[in-house]
Amino acid sequence: MIISASRRTDIPAFYSEWFLNRIKAGFVDVVNPFNTKQVSRISLNPKVVDCIVFWTKDAAPIIDRLNALKAYKFYFQFTITPYDEDVEPGLLRHQTKDDIVRTFQRLSDKIGQDKVIWRYDPILLSRNHSVDWHFDQFAYLCDKLAPYTKRCVISFLDLYSKTKHNTQPLGIRDISVDEMRELALGISQIADGKLEVQSCSEKIDLAEFGIKHGACIDKEIIEQVIGAEIDIAKDKTQRQECGCMSSVDIGQYDTCTHLCAYCYANFRPQIAKANFDRHNPKATSLYGELNKDAKITERKMTTLKILRQQSLF
């Protein structure tokens, strides 16, 4: 089983204490986002958890606690983008992007550059964010991060209905195919010889620029991290363009207080703040206490490792 922690919120930044409490308890309860009365109980037994994939924009709160995960294998998807407080207000409340860069470097030094993936996503264009602006910013970050990772993942902003509402004051516009190709060419040239660039959940083929379709829950990376082959299929719950393998996400929507305007996982900032305020690090669910009439279903979990029988002769 692969644990995703999490596409829906930043567990390392905001909920690392809760997560490590769940590791000690050996299970976590995940509330159905469409029916809060339905709860899945997920085992966190290291015998069935093959790998944990962390998603974060600030790993500082969990770095010094990683020794508690000695029984587990894991890697990080670490997003660092160049946007200011108008786009990522919560992230920069108490620190600068250079602080976050140093956190990335420190994490890489601790667990290895193979286990820290840099995400430069989403790429957005607006009255304040041009193609050339991205080239300048990407070059600066690439210079700082390339010695600490082997891969950069890019994606272009998808304007869902909720992101259209939350980004309205920023003047964000759709990115044309020509602009995607221009961005891909420039980013590829900047990264050339420093790190590999992959795209995430994109229909457009950027192979001519040396950018192949990637996956965040990546079979190849997982097998390298855990030192074993796994039997795993594509995640059917993700959109067609997503190349991720099947995983179990233990996060909850509307709980991330980075409050990034482009985020698809928050409906309104006020809701995310309210859910964060009622979070209990000792609760079995990230949301807090379960409904009294909640139906808890224990999900059957098994290892994905391919166990090869060895001959005695």
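Modeller: Two strands pair if DSSP finds at least two bridges between them. Helices (H or I, at least four residues) and strands (E, at least two) are themselves DSSP runs, numbered from the N terminus. Note that this is a predicted model: local features need pLDDT of at least 70, side-chain atom pairs count only at pLDDT 80 or more, and totals for chains, interfaces and linings use all residues. Residues are numbered from 1 along each chain as its sequence is written, and side-chain values use heavy atoms, with hydrogens and water left out.

Biologist: What makes strand 6 and strand 7 a pair?

Modeller: Strand 6 is joined to strand 7 (residues 151-156) by 4 bridges. The definition asks for at least two. They pair, and they run parallel. Arg119 stands opposite Val153 in strand 7.

Biologist: What is the handedness of the link from strand 6 to strand 7?

Modeller: The chain goes from strand 6 through helix 5 (residues 131-145) to strand 7, a right-handed β-α-β crossover. Right-handed means that, with the strands pointing away from the viewer, the path from the first strand over the helix to the second runs clockwise.

Biologist: Which strand pairs with strand 6 in the parallel sense over 4 bridges?

Modeller: Strand 5 (residues 74-79) does. Phe78 has Trp118 in strand 6 as its bridge partner. The chain passes from strand 5 through helix 4 (residues 97-111) to strand 6, and this crossover is right-handed too.

Biologist: Why is strand 6 called largely enclosed?

Modeller: Buried means under 20% relative accessible area (exposed is over 50%, partly exposed in between; 1.4 Å probe, protein chains only). In strand 6 (residues 116-123), 8 of the 8 residues are buried, so the rest of the structure largely encloses it.

Biologist: Why does Ser247 count as buried?

Modeller: Its relative accessibility is 14%. The cut-off is under 20%. Therefore Ser247 counts as buried. This residue lies in the loop between helix 8 (219-226) and strand 10 (248-249).

Biologist: Which residues is Ser247 in contact with, leaving aside neighbours within four places in sequence?

Modeller: Ile2, Ser4, Arg7, Ile217 and Asp235. Contact means heavy atoms within 4.5 Å.

Biologist: Which residues meet where helix 4 packs on helix 5?

Modeller: Asp98, Val101, Phe104 and Gln105 in helix 4 meet Tyr140, Leu141, Lys144 and Leu145 in helix 5. These divide into 5 nonpolar, 1 polar and 2 charged. Ala, Val, Leu, Ile, Met, Phe, Trp, Tyr, Cys and Pro count as nonpolar, Asp, Glu, Lys and Arg as charged, and the others, Gly among them, as polar.
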